[in-house]
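Dear colleague,

I am passing on the structure below for your files.

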Amino acid sequence: MATPGPVIPEVPFEPSKPPVIEGLSPTVYRNPESFKEKFLRKTRENPVVPIGCLATAAALTYGLYSFHRGNSQRSQLMMRTRIAAQGFTVAAILLGLAVTAMKSRP
């Protein structure tokens, strides 16, 4: 049985250049989007998520206000509403991920 010799790379490694990986083309972003641009793009892609976030924040705020005022019944109702709004938001995120995954399939 023949023993394999040492593997010698065809091109020597140059630290000033990135490594070449077969099947991978590096992308360079020339104009990165700002926070506002990214927020607007993501909102257009899945508008239900910000609505769920706002509903969650509103229920939490009103629930805490009710708790501070001593209205425990209203406070409990708003905390339950907050949980429902959080569940709605998580479901919207997962649904958006599923739709995006289905779109990217050939």
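Is S66 buried or exposed? S66 is buried, at a relative accessible area of 3%, where buried means under 20%, exposed means over 50% and partly exposed lies in between (1.4 Å probe, protein chains only).

Before the rest, the basis. This is a predicted model, in which local features need pLDDT of at least 70 and side-chain atom pairs count only at pLDDT 80 or more, while totals for chains, interfaces and linings use all residues. Residues are numbered from 1 along each chain as its sequence is written, and side-chain values use heavy atoms, with hydrogens and water left out.

S66 and its helix

S66 sits in helix α2, residues 48-69. Helices here are DSSP runs (H or I, at least four residues), numbered from the N terminus. Leaving aside residues up to four places away in sequence, S66 touches N71, R74 and S75; contact means heavy atoms within 4.5 Å.

Packing of α2 and α3

Helix α3 covers residues 72-104, and α2 packs with α3 at an angle of about 165°, the axes being 8 Å apart. Axes are lines fitted to C-alpha atoms over the stretch in contact, and angles run from 0 to 180 degrees between N-to-C directions. That angle makes α2 roughly antiparallel to α3, a term for angles over 145 degrees. The crossing of α2 past α3 is left-handed, that is, the near helix is turned anticlockwise from the far one by less than a right angle. In the contact of α2 with α3 there are 15 nonpolar, eight polar and two charged residues. Nonpolar covers Ala, Val, Leu, Ile, Met, Phe, Trp, Tyr, Cys and Pro, charged covers Asp, Glu, Lys and Arg, and the others, Gly among them, are polar.

Aromatic pairs

Rings of Phe, Tyr and Trp (its six-membered ring) pair if their centres lie within 6.5 Å, and planes under 30 degrees apart count as stacked. The count comes to two aromatic pairs. F35 and F39 are stacked, because their ring centres are 6.4 Å apart and their planes lie at 20°. They are four residues apart in helix α1 (residues 35-45), so about one helical turn separates F35 from F39. F35 is exposed at 70% relative accessibility, whereas F39 is partly exposed at 46%.

The rings of Y62 and Y65 have centres 6.3 Å apart and planes at 25°, so that pair is stacked. Y62 and Y65 are three residues apart in α2, about one helical turn. Y62 is partly exposed at 38%, and Y65 is partly exposed at 46%.

Regards

Terms used:
Helix = DSSP H or I, 4+ residues; strand = E, 2+ residues; numbered from the N terminus. Parallel < 35°, antiparallel > 145°, perpendicular 65-115°, else oblique. Phe/Tyr/Trp six-rings, centres within 6.5 Å; stacked < 30°, edge-to-face > 60°.
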